[in-house]
Amino acid sequence: MNMNEEELLRNFEEKIDVDQKIEPRDWMPEAYRKHLIRQISQHAHSEVIGMQPEGNWINRAPSLRAKMVLLAKIQDEAGHGLYLYSAAETLGISREEMLDQLHTLKAKYSNIFNYPTLTWADIGAVGWLVDGAAIVNQVSLQRTSYGPYSRGMIRICKEESFHQRQGYEIMAQMAQGTPEQKEMAQDALNRFWWPSMMMFGPHDSNSPNTGNALRWRIKRESNDTLRQRFIDKTVQQANVIGLTIPDPDLKWNEERGHYDFGEINWEEFYAVINGNGPCNKERIDHHKKAHEEGRWVREAALAYAEKQKQETLV
Ligand code: FAQ
C-alpha cells in the first residue's frame, strides 16, 4: 500500500468513526465495496423474490379490501427492490450482473421466502412476522454507513410498518373468528415462527460477515441483538391476540430483561439458504421465466429512451 492509499484509508476510517456517511464517489476499501454489494444485492433479491409467496394469494383474497391492501403491499416490495438495486448500482455493479448472480445461485436471498404460503392466514403471518422481523433489522440499518443504503432504508421502513400492521390485522381477525379460523392463524404462526427467527442470520459466534460489518458500521447491531429485540416485541403481540408462540422454552428472564428461547434448527437454515428449501427451485424458476417474458418490455423502454435522447439532441 503506498502512502496515498494509507492516507485514504485513514480518512475513510475517520469518517466511519464520526458517523459521517460514505457516498458513491468517496474513496472506499475494495472489501467495503464488495461487502456492501453482497449485502445490498441480496437484500434487493429478497424484496423481489418475496413478492412470490404473497402473489400466490392475490386472486384468492377473502374481500375486495383485503385484495387491494395486499396488491399495494406487493407493489411496495417491488419498489423496495428497485431502490436497493439502484443503491447497489452506485457501487459499480450492473443490474444484469446482480440478476445473473441470483439466477445462477451465486447470490442468496432471505431464507424465509423459500417456504410456501398455504392458507390466507399465512399472508397474515408473513406481514406480521416477516415484515416485523424485516423492520427490526431495517430500522437498525437506517444508520448504516453507506449513504444511498441508509436513505433507502429510511423510506423502506416507513412503508414496511404499514405492511406489518396489514399482517397483524389479518392474524387478529382470524384469531378472533371461528374456531377453524383461529386454528388456521395458530397453524400459520407455528410454521412461520422459526423461519422468521432465522431471518436474522446465524448466531454472532457463527456469523463470518459480522466482524467487518460492525467495524465499518454497515451493520449497526449484531444478528443476535436484533433477533432478541424481535422476540421480545412479538411475544407480547401474540399474547394480545391469544395465539401461542410454538416454543416450549420461551420464558421471561427477569434478570436479563428478555425472553429466553429454544434452540434454532440451524441444519434447516443452512439447507434452505443453500438451495434446498421447500420452494427454492420454484422461486428461481419463476423469476427466470418472468425475467425472460419481460425482456421485450425492457428492450422497448430502452429503445424509447434512446429515441427521446436523439430527439432532444436534434
Ligand atoms: N437468509 O455472516 P452472516 C423482507 C447468509 S427483506 C439467507 O451473518 P450477514 C421484506 C449470509 O448472506 C429480508 N441467507 O451474514 C419483505 C451469509 O452468506 P454469504 C431481507 C442468510 O450478511 C417482507 C451467511 O449466511 N433483509 O423481508 C440469512 O452479516 C415481506 C452468513 O451470515 C435483508 O437482507 C438469511 N436470513 O448477516 C419482502 C436485510 N442470514 O452472503 C417481501 C439486510 C444469513 O456470505 C415480503 N441484510 N445468511 O454467502 C442483513 O442485515 C444481513 O445480510 C443479514 C445476514 C442479517 C441477513
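Trainee: Why is Arg95 called partly exposed?

Mentor: The relative accessible area of Arg95 is 25%. Buried means under 20%, exposed over 50%, and partly exposed in between, with a 1.4 Å probe and protein chains only, so Arg95 counts as partly exposed. This is a predicted model, where local features need pLDDT of at least 70, side-chain atom pairs count only at pLDDT 80 or more, and totals for chains, interfaces and linings use all residues. Residues are numbered from 1 along each chain as its sequence is written, and side-chain values use heavy atoms, leaving out hydrogens and water.

Trainee: What makes the contact of Arg95 and Glu89 a salt bridge?

Mentor: A salt bridge needs a side-chain nitrogen of Lys or Arg within 4 Å of a carboxyl oxygen of Asp or Glu. For Arg95 and Glu89 the N to O distance is 3.5 Å, so the pair qualifies. By this rule the count comes to 21 salt bridges.

Trainee: Is Glu159 buried or exposed?

Mentor: Glu159 has a relative accessible area of 19%; the cut-off for buried is under 20%, so Glu159 is buried. Its salt-bridge partner Arg155, at 3.9 Å, is partly exposed at 48%.

Trainee: Where do Asp187 and Arg191 lie?

Mentor: Both are in helix H8 (residues 179–198), four residues apart, about one turn of the helix. Helices are DSSP runs of H or I, at least four residues, numbered from the N terminus. The side chains of Asp187 and Arg191 form a salt bridge at 3.0 Å, N to O.

Notes
Helix = DSSP H or I, 4+ residues; strand = E, 2+ residues; numbered from the N terminus.
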